[in-house]
Amino acid sequence: MKQYDLIVIGAGPGGYVAAIEASQLGKKVAVVERKAIGGTCLNVGCIPSKAYLKHASWMEEMQTARQFGINTKEIDVDFSKLVKRKDNVVVQLQTGIHSLFKQHGIDYYEGDAEIPQTNQVQVGEQVLQASYILLATGSRPFVPPIKGLDETSYLTTDTFFELKEQPDNLIIIGGGVIGVELAFAMAPLGTSVTIVEVADDILMTEDDEARTLIKKRLKELSVSVITKATIKEVKEKTLYLSDASLNFDELLVVTGRQANLELVQQLHLETTERDKYVKVNHYYQTSNPSIYAVGDMVDSYMLAHAASKEGIKAVRHMFGKKERRLLREQIPRCVYTHPEIASFGLNEQEATAAGYDVKVGKIPYAANGRAIAGQETTGYIKIISERRYDEILGAVIVGSNATELIHTILAVKESEGTLAEIEKMTFAHPTLSEMMGELGNQMIE
């Protein structure tokens, strides 16, 4: 029986990052994965979707270039080559994780993990022993009970990236982040896309003004958005709503995700209300102190970077370095549409409800020289602060490179800086970043 300090179950962003952290602390580590190394994010989530979004951005850039004198011949999309490029990106990153495991002496096991007793993990015929076990088994697509859905062919994010042919007509059920991103990925390539959302609006987790800009852009891309929809039934190649019927080549269902809790139930670990997540303390310990859990299994943002940071914190607690739990306001949230949306912390309504004397500042991309020169004038930077000490409570950036720019403001907040620290910084000109300095100057009273 092989002995380890830590066995990690799940090789996604929460698991493999935690394993490397433990190895760097001098611990003997094993990782068990039943599917593909890299987890959902690398194989059927963050990475392949960003590859497709990059393809779409090339199309959009060529169309913009035509307006200003750079003429190109008729554009022909070879979807099979785009799929091949996506596959190569995934394989390259999988290879990178394998190399990191080898470099750090981490043993990797493929197969279903079972935990016959505390501190033991069985993979096939092999039984492994460890001082600690970290559960990082992630989540799977949630599919709502729609009449007829089980009797027709449909896609989830687990299968969407297996498509070898570009659909002519794609219906996406679900107007959350994933659904909207994939609409932006497919529409510029020439696919007719319809988003069907039962809620009052799409992207309900995002800033109101951001939603308005994204809906405008979707309209420009000829994406049809149906909100407040009542879905009656699905039959082969037809989606029936209460007031319309929609034909499709492919139907994609992206209506959220649910945690993989099979091992949690097997171990009889405590769960949260309605058994939605595994219950953990501030250090990611479950009700069994030698078993920890991170990522989509716990009640936090279902984001790869959140899972990775949680994994690091869990490992450090196991081996003697206690750190505070990752707070929601520390986690950047990103939507990779065109324009992008990035945010962290409290919005204006949340800050007011929390009792702060709130002030909000906003600066448009349209006033920025770099944005004007780059034909990227759609968007804004917004900072939410409290009035007395100019403490930064949250921020929203909508526009080109928003998902990169957001970290500057977050870094200031994390280092206990205020608006004054942003105002004091010297930003290069011309850059998009200099909008932050201008905004800091405007907001200081």
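1. The chain is divided into domain 1 (2-138 + 260-328), domain 2 (142-255) and domain 3 (339-444); these bounds come from an automatic or database domain assignment. The model is predicted, so local features need pLDDT of at least 70 and side-chain atom pairs count only at pLDDT 80 or more, while totals for chains, interfaces and linings use all residues. Residues are numbered from 1 along each chain as its sequence is written, and side-chain values use heavy atoms, with hydrogens and water left out.

2. The centres of domain 2 and domain 3, taken over C-alpha atoms, are 32 Å apart. Where the two domains meet, 8 residues of domain 2 are in contact with 10 residues of domain 3 (contact means heavy atoms within 4.5 Å).

3. About 730 Å² is buried between domain 2 and domain 3, and 63% of it lies on carbon and sulfur atoms. Buried area is the accessible area (1.4 Å probe) that two parts lose on being put together, summed over both. Of the area that domain 2 buries against domain 3, 55% is supplied by D207, E209 and L213, more than by any other three residues.

4. Between domain 2 and domain 3 there are 3 salt bridges, a salt bridge being a side-chain nitrogen of Lys or Arg within 4 Å of a carboxyl oxygen of Asp or Glu. The side chains of E209 and K362 form a salt bridge, at 2.4 Å from N to O.

5. Strand β1 (residues 2-9) runs parallel to β6 and is joined to it by 7 bridges; I7 stands opposite I133 in β6. Strands are DSSP runs (E, at least two residues), numbered from the N terminus, and two strands pair if DSSP finds at least two bridges between them. β1 also runs parallel to strand β2 (residues 29-33), with 4 bridges, and V8 has V31 in β2 as its bridge partner.

6. β5 and strand β6 (residues 126-135) are antiparallel, paired over 4 bridges, with V121 opposite L128 in β6. Their hairpin has 2 residues between the strands, and G124 in the turn has a positive phi of about 65 degrees.
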